[in-house]
Amino acid sequence: MYKIPLTTSPNQTFVVIVPVNGGNKEFEIQLRYNEVAGYWSMTLTDNETERIIFSQLPLLASYYEFANMANQLGYKNIGSIYCIAMQMTKSCAPNSDDLGKKYILIWGDNEVM
């Protein structure tokens, strides 16, 4: 598992290299905070092909089989992505002040079904 470094900057774009299934994958991540709706969204781009893998996926913390935000994209072999609440909160989504603090983003290998 790999922890993605996050800040609360409202509009951020950065490149990460994450270990997935024994290899390394390079992605561009765009995080946007929607001030009106009160949630973060993530756009993921394959840095090698410059193809968007998904766009504006809300960052939501969940449990069990719903925890992996990339679950429906298993066929793309991008790994598993989890938004994890590090402490009890009243919300299932990070707000403008607690991304990277109360909520972290974890990347792992593809899940075996």
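Predicted model: local features only at pLDDT ≥ 70, side-chain atom pairs only at ≥ 80, totals over all residues.
**Entry 1: the core**

I started with the largest nonpolar core, which has 27 residues. Met42, Leu44, Ile81 and Trp107 are the ones with the most contacts inside it. My note on the term: a nonpolar core is a set of buried Ala, Val, Leu, Ile, Met, Phe, Trp, Tyr and Cys residues joined through side-chain atoms within 4.5 Å. Buried means under 20% relative accessible area, exposed means over 50%, and partly exposed is in between, with a 1.4 Å probe and protein chains only. Strands (E, at least two residues) are DSSP runs, and so are helices (H or I, at least four), numbered from the N terminus.

Residues are numbered from 1 along each chain as its sequence is written, and side-chain values use heavy atoms, with hydrogens and water left out.

What does Met42 touch, not counting residues up to four places away in sequence? I found Ile29, Gln30, Leu31, Phe54, Ser55, Gln56, Leu57, Leu59, Ile81, Leu105 and Trp107. Contact here means heavy atoms within 4.5 Å. In E4, 6 of the 8 residues are buried, so this strand is largely enclosed by the rest of the structure.

**Entry 2: the sheet of four**

E4 sits in an open sheet of 4 strands, in the order E2-E3-E4-E5 with antiparallel pairing. Two strands pair if DSSP finds at least two bridges between them. At the edges I see strand E2 (11–20) and strand E5 (52–58), each pairing on one side only. The twist from one strand to the next averages 20°; axes are lines fitted to C-alpha atoms (for helices over the stretch in contact), and angles run from 0 to 180 degrees between N-to-C directions.

I went through the pairs:

- E2 and E3 are antiparallel and joined by 10 bridges, and Pro19 stands opposite Asn24 in E3.
- E3 and E4 pair over 8 bridges, with Ser41 in E4 as the bridge partner of Arg32.
- E4 and E5 pair over 4 bridges, and Met42 has Leu57 in E5 as its bridge partner.

Then the turns. The hairpin of E3 and E4 has 4 residues between the strands, and Gly38 in the turn has a positive phi of about 80°. The hairpin of E4 and E5 has 5 residues between its strands, and there Glu50 takes a positive phi near 65°.

**Entry 3: the sheet of three**

Another open sheet has 3 strands in the order E1-E7-E6, also antiparallel. Strand E1 (2–4) and strand E6 (80–85) each have a single partner strand, so one side of each is left without a neighbour in the sheet. E1 is joined by 3 bridges to strand E7 (residues 103–108), where Tyr2 stands opposite Trp107.

**Entry 4: Trp107 again**

Which ring pairs with Trp107? Phe27 does: the centres are 5.1 Å apart and the planes are at 20°, so the pair is stacked. The rule: rings of Phe, Tyr and Trp (its six-membered ring) pair if their centres lie within 6.5 Å, with planes under 30 degrees apart stacked, over 60 edge-to-face and the rest tilted. Phe27 is in strand E3 (residues 23–34), 80 residues from Trp107 in strand E7. Both Phe27 and Trp107 are buried.
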